[in-house]
Every structure is written in C-alpha cells, then in structure tokens.
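Hi everyone, thanks for making the time. I'd like to walk you through one model this morning, so please have the viewer open and follow along.

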Amino acid sequence: ASVTLAVNGTAVTPVVNKTAGVTSVRFTPSTLLPAGSIHTIQMIYADTASPAGRYTNNWKFTVENYATLGASHSVPRASVDTASSGFTVRVAQGKDAAGFPGADLPNNTRRAEDQLAGRLPDLTSGQPLPNYALPGPGPGGSYSFDLINWNQSGDAGNFQSGSTPPFPDELIPGVPGSDPDSPSNMDNIAAEVIAYLDLPAGLHRLGVNSDDGFRVTAAANPRDPAGAQLGMFEGGRGVADSVFSVLAAEAGIYPVRLIWYEGGGGAALEFFSVDIPTGQKILINDRNNSKGIRAYRSLAGPTRPFVSVSPLHNAVNVSGSAQ
C-alpha cells in the first residue's frame with residue numbers, strides 16, 4: 001500500500017510482491033511499446049520506520065528498435081513447401097591469400113554480398129575473385145540444413161555436444177574448398193542462409209551467435225535488397241551473441257535471409273530464438289522443442305520478382321566501369 005507508480009505521468013496499478021525482505025514492483029503495459037520510444041517512470045514508496053521515510057525515484061528508458069513484419073513481408077502458407085524442413089545455404093570462399101589488399105577479406109556486409117554475387121574484384125587483375133567453396137548437391141550448388149549450428153573446428157557457442165540436449169556443431173559446408181595454393185584454407189568465407197519462418201503473431205526474440213559478422217533481413221522475396229533489417233553485427237569478432245526483437249503483426253510465414261561472413265581466424269554461426277518468459281535459447285527449426293520456431297527451405301512455386309539497381313542512390317566514389 002506504500003508503493004505508487006506512474007508511467008509517462010499517468011498513475012498505474014502495479015503488482016507488488018515481497019519475498020525474503022525484497023519488494024518487487026511490476027507493471028505490464030496493455031499494448032506493446034513502440035520501437036525507439038522514450039518513457040518516464042516515477043515510483044514513490046515509504047518504509048516502516050518511525051517516522052516513516054518517503055522516497056521518490058524518477059528514471060526513463062528507451063525501447064529497443066525492433067522490426068515490425070506485416071502482410072507485405074510474408075508469403076501465403078499454401079505457397080510454401082512445408083515438407084522442406086530447414087534452410088537452404090549457399091557458400092562462397094576466397095583464396096587463403098585473397099589479396100584484397102591483405103590476405104584476409106574485409107569483415108563487412110558489402111564484401112559478403114559482393115562475394116556471394118560473384119562480383120568481388122581481384123584488385124590486381126580487376127577480374128572477379130573465384131569461388132573456391134565446394135558446391136552442394138542442391139540447385140545452384142546449394143546445401144540443405146535442418147539447423148544452423150556451425151563451427152569450423154570443435155564446439156563453440158550456445159549449442160554444443162555437451163548441451164542438454166546435445167547439439168554437436170556441424171562443419172561449415174563447402175569448406176575447405178578447392179583453393180589451389182592452400183588445400184586446408186578455412187578463411188575468407190561468406191554464406192547465404194534462406195528460410196521461411198512460421199511465426200505466430202506477437203513479439204519474438206531472435207539471435208545469431210557468430211564469428212565474424214552477419215545480417216538478417218525479411219521480405220516476401222528473401223533476396224530483395226529492400227527487405228526489412230531484423231538484426232546485424234558489422235565487423236570482426238570472436239564467438240558472441242547478437243539478440244534482437246521482431247514483431248509479427250499477424251501470424252504467417254515470413255521469408256528471411258541470413259548473410260554471414262568470416263575473414264581470418266575462427267569461424268562459427270548459430271541461428272536461434274529466445275523464449276521470452278524463460279530466456280531459453282532454442283535453435284531455429286528444433287522440431288523436438290515445442291517452443292521452437294519452424295523453418296521451411298523452399299516454396300512450392302517460384303519466388304516473387306524484385307528489381308534492384310547498382311550503383312545505389314546517392315552512392316559516392318563509384319568506379320567509372322560500374323554497371
């Protein structure tokens with residue numbers, strides 16, 4: 001009875017509990033707070049001293065910038081091949097000594113996109129750098145995976161052989177490739193991971209554990225360069241998590257595209273969700289976990305077309321030979 005709470009200047013009724021001498025005050029808004037919005041809190045409480053002390057606390061917080069997905073980002077359920085469980089993966093690998101300008105390729109999204117598209121240039125000859133990754137058995141040299149839990153050697157990240165249940169890491173597909181100068185080359189990699197995620201309406205927490213960087217987007221055609229960005233880490237790092245929120249305005253199947261890249265050193269990738277009430281991390285498409293998000297590899301028919309242009313609008317320092 002001695003606790004009052006106001007949110008954005010309006011009094012609200014909090015839930016107050018006291019356990020082992022610690023009082024917790026909780027309030028849940030009736031609607032989701034808008035992404036990037038700023039809010040103020042005032043909590044006033046009194047103690048049981050004589051005379052009673054009265055305390056006022058004021059603070060503010062900013063809601064994280066979560067993405068909102070709607071009908072324009074989804075595909076009809078009937079258009080999805082629901083028998084194609086998992087992910088479709090393409091991999092590209094440069095030479096161990098890539099010469100761009102150093103031995104390792106730069107750790108950024110632009111390099112990964114150019115490498116996957118076959119337009120990453122050899123700065124000496126001007127010709128595209130060859131792709132030395134071994135092609136997979138699927139269309140366009142693709143691979144199929146039930147889960148994305150990769151590491152180039154041993155176990156790393158959140159899901160390992162010793163996890164409960166165990167999730168032994170899988171090797172990065174197509175690597176080492178056919179690099180003529182270094183048959184054991186494990187560097188200068190880029191990968192594209194595509195899946196059609198079955199999302200209930202509401203807020204979802206997704207995560208990527210990577211070494212090095214990544215970018216996740218969503219669009220009706222997963223390769224649409226104008227897709228909504230869901231999460232990103234730009235640059236190099238050791239194995240680490242990036243967790244981000246996504247609001248599905250309505251239940252549906254949402255195509256996503258995960259771009260991952262590695263320059264030198266370690267290489268690892270996990271794609272997972274986080275159960276918001278418990279904080280449990282669950283690999284996307286873990287069909288043995290009732291809380292897991294299901295993923296499908298492909299559509300039953302063709303994907304929607306899109307148009308992209310290059311150079312991009314307002315691009316600077318564009319080569320005269322750009323097309």
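Before I name anything, one term: a strand here is a DSSP run of E with at least two residues, numbered from the N terminus. With that in hand, look at strand β10, residues 149-151, where you'll find Asn149. And please keep in mind that this is a predicted model.

So, is Asn149 buried or exposed? The cut-off for buried is under 20% relative accessible area, and Asn149 counts as buried because its relative accessibility is 3%. What does its polar side chain do in there? The side chains of Asn149 and Asp169 are joined by a polar contact of 3.2 Å. A polar atom of the Asn149 side chain also lies 3.5 Å from the backbone oxygen of Phe159. If we leave out neighbours within four places in sequence, the residues in contact with Asn149 include Phe167, Pro168, Leu269 and Leu283.

Let's move to the nonpolar side of things. The largest nonpolar core has 38 residues, and those touching the most other members are Phe87, Val89, Ile148, Trp150 and Leu230. Strand β11 gives the largest share of this core, with six residues. Zoom in on Leu230 for a moment: not counting residues up to four places away in sequence, it touches Ala67, Leu69, Val216, Thr217, Ala218, Phe244, Val246 and Val256. There is also a second, separate core of seven residues, with Val80, Ile194, Ile253 and Tyr296 among them.

Now for helix α1, residues 109-116. How many of its eight residues are buried? Seven of them, so to speak, are tucked away: the helix is mostly covered. The buried ones are Thr109, Arg111, Ala112, Glu113, Asp114, Gln115 and Leu116. Their cover includes strands β8, β11, β13, β14 and β16. At the N-terminal end, α1 is capped by Asn108, with a side-chain oxygen 3.3 Å from the backbone nitrogen of Arg110. After the helix comes Gly118, which has a positive phi near 75°.

Last stop, a hairpin. Strands β3, residues 15-19, and β4, residues 22-26, pair in the antiparallel sense over five bridges. Val15 stands opposite Arg26 in β4. Two residues sit between the strands, and Ala20 takes a positive phi near 55°.

That's my tour, and I'm happy to go back to any of these spots with you.

Definitions and conventions. Residues numbered from 1 in each chain as written. Predicted model: local features only at pLDDT ≥ 70, side-chain atom pairs only at ≥ 80, totals over all residues. Heavy atoms only, no water. Buried < 20%, exposed > 50% of the residue type's maximum accessible area, 1.4 Å probe, protein only. Helix = DSSP H or I, 4+ residues; strand = E, 2+ residues; numbered from the N terminus. Contact = heavy atoms within 4.5 Å. Polar contact = N/O pair within 3.5 Å; in protein donor to acceptor, adjacent residues only side chain to side chain. Core = buried A, V, L, I, M, F, W, Y, C linked by side-chain atoms within 4.5 Å. Pairing = 2+ DSSP bridges.
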